[in-house]
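Subject: Handover of a structure, with notes

Dear colleague,

I am handing over the structure below, and my notes on it follow directly after it. Please read them with the coordinates open beside you.

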Amino acid sequence: MIDTHSHIYLTEDFPEGESSLAVERAVEASVQHIILPGVNAQTLAPMFELHDKYPANTSVAVGLHPSDVGADWESELDEILAFADRPGVVAIGEVGLDYHEDVTFREQQLQAFRKQIREAHARNLSLIIHQREALADTIALLKEAEAEGVMPEHMVFHCFTGTPAEAAQLIEAFPGAMFGIGGVATFKNAASVREAVRLIGIDRIVLETDAPWLAPVPRRGKRNESAYIPHIATSVADTLGLQLSDVITATDANARRLFPGMK
């Protein structure tokens, strides 16, 4: 199994060697590979440290998360992109738009996302997209890039928790995109998300934890980690009426297609 999105390198959540133990627990749970996405310049060091310790079990994405975009976003992004050519980097991410809480730097978010879309294309890297309450602008910027011929070949809508209508809108706009399905799909009150999973279908799904957040049932409310991917895979299998082994085979193949640079 592959966890396509995990922040187990975050020292505030995985202190004093806990990140290494989390990788080892994941491998013991048959999660053989983990994508580690960055969020800002401060996460570069712990993220690459963990990757360097487990190069066969991890890959890295570098990017500036929309919630971390501020007035000095350009200089921070330049610092981040200086790491984009390092071994093990398979994507630009996680990047995108987030209008949920603070929209003080909304215009800067748009500028940063636009630049990172183009950087992914220029560097032949995949794109990991964070979108929260910003669907129309997300689609508009991606369509703009598509019209200009600078759309990355591979991209994923990370932590998809939208409605079936939103899933249909994204599939129509970007039929080759993947959808990251995580712990929310296991929640009792997430029937709409499971309906969206059925609409998306197994050919467009990759599994993710988004650790340390959004732990799946039966771990809900606890610190999430990559070892819990089997719970998410089981939920997807139940939702789609498939054998667990078929879900694992399909989502692993999807992940390798999404991140062709992954070992």
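A search for aromatic pairs across the whole structure, which is a predicted model, turns up 4 of them. In one of these, Phe 157 and Phe 179 form a tilted pair, with 5.7 Å from centre to centre and 40 degrees between the planes. Because Phe 157 belongs to strand E6 (residues 155-157) and Phe 179 to strand E7 (residues 178-181), this pair ties together parts of the chain that are 22 residues apart in sequence. Phe 157 is buried, at a relative accessible area of 4%, and Phe 179 is buried as well, at 0%.

Phe 179 also pairs with Phe 160: the ring centres are 5.2 Å apart and the planes stand at 90 degrees, so this pair is edge-to-face. Here, too, distant parts of the chain are linked, since Phe 160 sits in the loop between E6 and helix H6 (164-173) while Phe 179 is in strand E7, 19 residues apart. Both Phe 160 and Phe 179 are buried. Taken as a group, Phe 157, Phe 160, Phe 174 and Phe 179 are joined into a cluster by ring pairs.

The peptide bond from Gly 93 to Glu 94 is cis, with omega near 5 degrees, and Glu 94 is placed within strand E4 (residues 89-98). A cis peptide bond also leads from Val 217 to Pro 218, with omega near 15 degrees; Pro 218 is found in the loop between strand E8 (205-207) and helix H8 (229-240). As for phi, Glu 16 is not a glycine but has a positive value near 50 degrees, and this residue lies in the loop between strand E1 (2-3) and helix H1 (18-28), where Glu 16 counts as exposed at 84% relative accessibility. Asn 124, again not a glycine, has a positive phi of about 55 degrees; Asn 124 is in the loop between helix H4 (106-122) and strand E5 (126-132), and is exposed, with a relative accessible area of 64%.

Turning to charged side chains, the structure holds 12 salt bridges. Among them, Glu 144 and Arg 114 meet at 2.7 Å, N to O, and this pair links distant parts of the chain, with Glu 144 in helix H5 (residues 135-147) and Arg 114 in helix H4, 30 residues apart. Glu 144 is partly exposed at 25% relative accessible area, and Arg 114 is partly exposed at 27%. Within helix H5, Lys 143 and Glu 146 form a salt bridge of 3.0 Å, N to O; because they are 3 residues apart in that helix, about one helical turn separates them. Arg 25 forms a salt bridge with Glu 18, with 3.3 Å between the closest N and O atoms, and Glu 18, Arg 25, Arg 223 and Glu 225 are linked in a network of salt bridges.

Asp 252 deserves a separate note. This residue lies in helix H9 (residues 244-258) and is buried, yet has no salt bridge: the nearest side chain of opposite charge, that of Arg 256, is 6.0 Å away, whereas the cut-off for a salt bridge is 4 Å. Beyond neighbours within four places in sequence, Asp 252 is in contact with Met 1 and Ile 2. Met 1 is also one of the contacts of Ala 233, which, with such neighbours again set aside, touches Leu 207, Leu 244, Val 247 and Ile 248 as well. Ala 233 is found in helix H8 and is buried, with a relative accessible area of 0%.

With kind regards

Technical notes:
Residues numbered from 1 in each chain as written. Predicted model: local features only at pLDDT ≥ 70, side-chain atom pairs only at ≥ 80, totals over all residues. Heavy atoms only, no water. Helix = DSSP H or I, 4+ residues; strand = E, 2+ residues; numbered from the N terminus. Buried < 20%, exposed > 50% of the residue type's maximum accessible area, 1.4 Å probe, protein only. Lys, Arg positive; Asp, Glu negative; His and termini not counted. Contact = heavy atoms within 4.5 Å. Phe/Tyr/Trp six-rings, centres within 6.5 Å; stacked < 30°, edge-to-face > 60°.
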